[in-house]
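Hi everyone, thanks for coming.

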Amino acid sequence: MLNLTSWWLVTAPTDLRCGMDRLLVAVRTVLDREPIEGEAYVFCNRAGTRIKLLSCDRHGVWLAVRRLHQGRFVWPRAGATSWTLSAEQFAWLSMGVDWRRLSDAPISGCKQI
């Protein structure tokens, strides 16, 4: 099972038709990071109705998709390449709740372009 310690949101809208290989390339090029075990990378479509979560472990790559029945995911505005989240903040985000307002933990940071 996954034991995730870091959550990275890629703020630019992503074509979610792409699979794990193209998303791994995006982690390397957009975030300038090498995917490592324990980190999750979250991508959102332009409409904000779907997210994909990508994570690597020592056995392979996990790719999960979540779609809301109604509403949109709360996503950071343009201006930052990525945001890091806590597990609690990701839990709020994945339910479609405004994680920026409900989480006790402060936003841990952003990487400016």
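**Charge pairs, a patch and a helix**

Let's start with arginine 33, which is partly exposed because its relative accessibility is 24%. By that I mean the range between buried, under 20% relative accessible area, and exposed, over 50%, using a 1.4 Å probe and protein chains only. Before I go on: this is a predicted model, where local features need pLDDT of at least 70 and side-chain atom pairs count only at pLDDT 80 or more, while totals for chains, interfaces and linings use all residues. Residues are numbered from 1 along each chain as its sequence is written, and side-chain values use heavy atoms, with hydrogens and water left out.

So who does arginine 33 pair with? Its salt-bridge partner is glutamate 39, and the closest N and O atoms are 2.6 Å apart. A salt bridge here is a side-chain nitrogen of Lys or Arg within 4 Å of a carboxyl oxygen of Asp or Glu. As background, side chains of opposite charge can pair when their charged atoms come close. Glutamate 39 counts as buried, because its relative accessibility is 6%.

How many salt bridges turn up across the whole structure? The search finds three. Another one joins arginine 28 to glutamate 34, at 3.0 Å from N to O. Arginine 28 is partly exposed at 38% relative accessible area, and glutamate 34 is partly exposed too, at 49%. Then there's arginine 17 with aspartate 15, where the closest N and O atoms sit 2.8 Å apart. Arginine 17 is exposed, at 76%, whereas aspartate 15 is partly exposed, at 31%.

Met20, Val61 and Leu63 make up a nonpolar patch on the surface, with about 190 Å² of accessible area together. Patches take residues with over 30% relative accessible area and no salt bridge, joining like charges within 9 Å and nonpolar side chains (Val, Leu, Ile, Met, Phe, Trp, Tyr) within 5 Å. The areas come from the Shrake-Rupley method with a 1.4 Å probe, and for residues only the protein chains shown count as cover. Leucine 63 is partly exposed, at 31%, and lies in strand E4, residues 60–67. Helices (H or I, at least four residues) and strands (E, at least two) are DSSP runs, numbered from the N terminus.

Last stop, helix H2. Which of its residues are buried? Within residues 87–94, they are Gln89, Phe90, Leu93 and Ser94. They lie on the same side of H2, because they cover an arc of only 130° around the axis. That arc is taken from the directions from the helix axis to the C-beta atoms. After H2 comes glycine 96, with a positive phi near 85°.
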